[in-house]
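Take a look at the model below.

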Amino acid sequence: MNDITRAAERLRAGGLVVFPTETVYGVGCDATNARAVARLFEAKGRPHFNPLITHVLGLPQAEEHAHLHPNALRLASAFWPGPLTLVARRRAESSIAELACAGLSTVALRAPAHPMARALIEAFAGPIAAPSANRSGHVSATTAQHAADDLGDRVDLVLDGGASPLGLESTIIGVDDAGQAALLRHGAIAKQDIEAVIGPLAGRAASGVAAPGMLESHYAPRAHLRLDAHDTRPGEAYLAFGREAPPGGLTLSARGDLVEAAANLYAHLRALDASGVEVIAVAPIPSSGLGEAIRDRLWRAAAPRLDLLGANAPFSAQADPIE
Ligand code: TXA
Ligand code: MG
């Protein structure tokens with residue numbers, strides 16, 4: 001069995017695989033497997049669930065997951081395969097796990113050019129969610145050795161394709177349903193090269209696509225959330241952790257596994273919300289490991305109308321341009 005076949009098998013089994021792209025190395029998982037995505041956040045040591053870029057072979061695959069305006073199609077034709085990431089409205093029928101999009105209504109898609117990345121996506125025959133292969137807060141890895149030094153035994157396999165030729169992350173462009181395009185992250189393709197294809201880019205605020213820092217648009221349930229709840233009051237549904245759910249509730253993880261809890265988070269919030277309860281009482285979640293990210297998301301879901309980007313925000317907006 002060659003390395004690519006083995007790597008694709010690891011992905012199918014929910015594993016994490018480091019692979020080269022022409023920009024930087026990525027650490028990838030099956031984008032449709034919420035549990036694998038949760039493991040990936042854990043391996044990166046991401047304090048928050050930043051949305052991930054999903055890697056596909058090209059336009060036909062991208063269109064399965066996103067509503068792409070002709071302007072997005074133009075950019076894809078001009079720069080794919082290559083160092084361009086498109087953010088666009090996610091299709092309702094997309095199989096990409098919500099956690100990979102951090103609960104946003106948009107999805108980030110990229111068709112890399114690196115032959116090893118392409119061989120892996122082809123062998124896996126599905127979308128691969130992959131952030132840069134570095135621990136959170138470290139710089140991106142541009143060699144297999146750097147990725148291995150940083151992530152070590154947190155990943156299942158490392159594909160070595162030599163040094164990343166570009167060494168700079170992809171340029172991220174958001175294109176909304178009206179075709180307004182905004183630069184969300186500077187990267188390996190210069191702004192003027194993008195503008196040469198679709199004309200002047202709008203400011204972030206003008207685009208209907210939320211910039212990475214604009215996390216207030218993350219999923220917020222209709223129901224109110226009561227956090228750190230040890231029990232339920234009449235009329236509440238319980239979102240448990242570390243125990244089975246009481247009737248009418250759900251458990252993020254009966255055995256108190258934070259990876260399992262992260263994988264269940266969005267789906268369970270949605271399901272309890274859909275049940276029509278007014279209040280979801282959420283069990284205390286420990287703040288270790290992925291717990292911090294889970295708590296962060298619960299906090300945001302509990303207070304959707306707070307000005308999260310204001311001066312008194314309890315944490316900074318996760319604009320996170322290089323992370
Ligand atoms: O070159 C690259 O883009 C590399 C290779 C591995 O593909 N990947 C990469 O991924 O840099 P990462 O996770 O380190 O950065 C992804 C960026 C983050 O800033 C994130 O906020 C943004 O993409 N992003 C992902 N989905 C988004 C969305 N739906 N809306 C806005 N920003 C999004
Ligand atoms: Mg990164």
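**A walk through the fold**

Helix H4, residues 70-79, lies across strand E4 (84-89) and strand E8 (171-175), and runs at about 160° to E4. Axes here are lines fitted to C-alpha atoms, for helices over the stretch in contact, and angles run from 0 to 180 degrees between N-to-C directions. Helices (H or I, at least four residues) and strands (E, at least two) are DSSP runs, numbered from the N terminus.

This is a predicted model: local features need pLDDT of at least 70, side-chain atom pairs count only at pLDDT 80 or more, and totals for chains, interfaces and linings use all residues. Residues are numbered from 1 along each chain as its sequence is written, chains are lettered from A and ligands numbered from 1 in the order in which they are written, and side-chain values use heavy atoms, with hydrogens and water left out.

Now the whole chain. The protein chain has 9 helices and 13 strands. Of its 323 residues, 53% are buried. Buried means under 20% relative accessible area, exposed means over 50%, and partly exposed lies in between (1.4 Å probe, protein chains only). Contact means heavy atoms within 4.5 Å. Among contacts with a separation of 6 or more, 67% link residues 24 or more positions apart.

Next, the sheet. In which order do the strands of the open sheet lie? The order is E7-E1-E2-E6-E3-E5-E4-E8-E9, 9 strands with mixed pairing. Strand E7 (157-158) and strand E9 (181-185) stand at the edges with a single partner strand each, so one side of each has no neighbour in the sheet. Two strands pair if DSSP finds at least two bridges between them. Strands of a sheet pair through backbone hydrogen bonds, either parallel or antiparallel.

Two pairs show the antiparallel sense. Strand E1 (residues 17-19) and strand E2 (residues 26-30) run antiparallel, joined by 3 bridges. Phe-19 stands opposite Gly-26 in E2. E8 and E9 also pair in the antiparallel sense, over 4 bridges. Here Val-175 faces Ala-181 in E9. These two strands, E8 and E9, form a hairpin with 5 residues between them. Gly-179 in the turn has a positive phi of about 90°. Is E9 buried or exposed? 5 of the 5 residues of E9 are buried, so the strand is largely enclosed by the rest of the structure.

Back to the helices. Helix H2 (residues 34-44) lies across E2 and strand E6 (128-129), at about 155° to E2. H2 also packs against helix H8 (residues 258-274), at an angle of about 125° and with axes 8 Å apart. That makes H2 oblique to H8. Angles under 35 degrees count as roughly parallel, over 145 as roughly antiparallel, 65 to 115 as roughly perpendicular and the rest as oblique. Ala-34, Arg-35, Ala-38, Arg-39 and Glu-42 of H2 make the contact with Val-259, Glu-260, Ala-262 and Ala-263 of H8.

Finally, two single residues. Ser-164 sits in the loop between E7 and E8. At 8% relative accessibility, Ser-164 counts as buried. Not counting residues up to four places away in sequence, Ser-164 touches Thr-21, Glu-22, Thr-23, Val-24, Tyr-25 and Thr-142. Ala-303 is found in the segment after helix H9 (291-302). Ala-303 also counts as buried, at 16% relative accessibility. The C-alpha atoms of Ala-303 and Leu-225 are separated by 8.2 Å, with the two residues 78 residues apart along the chain.
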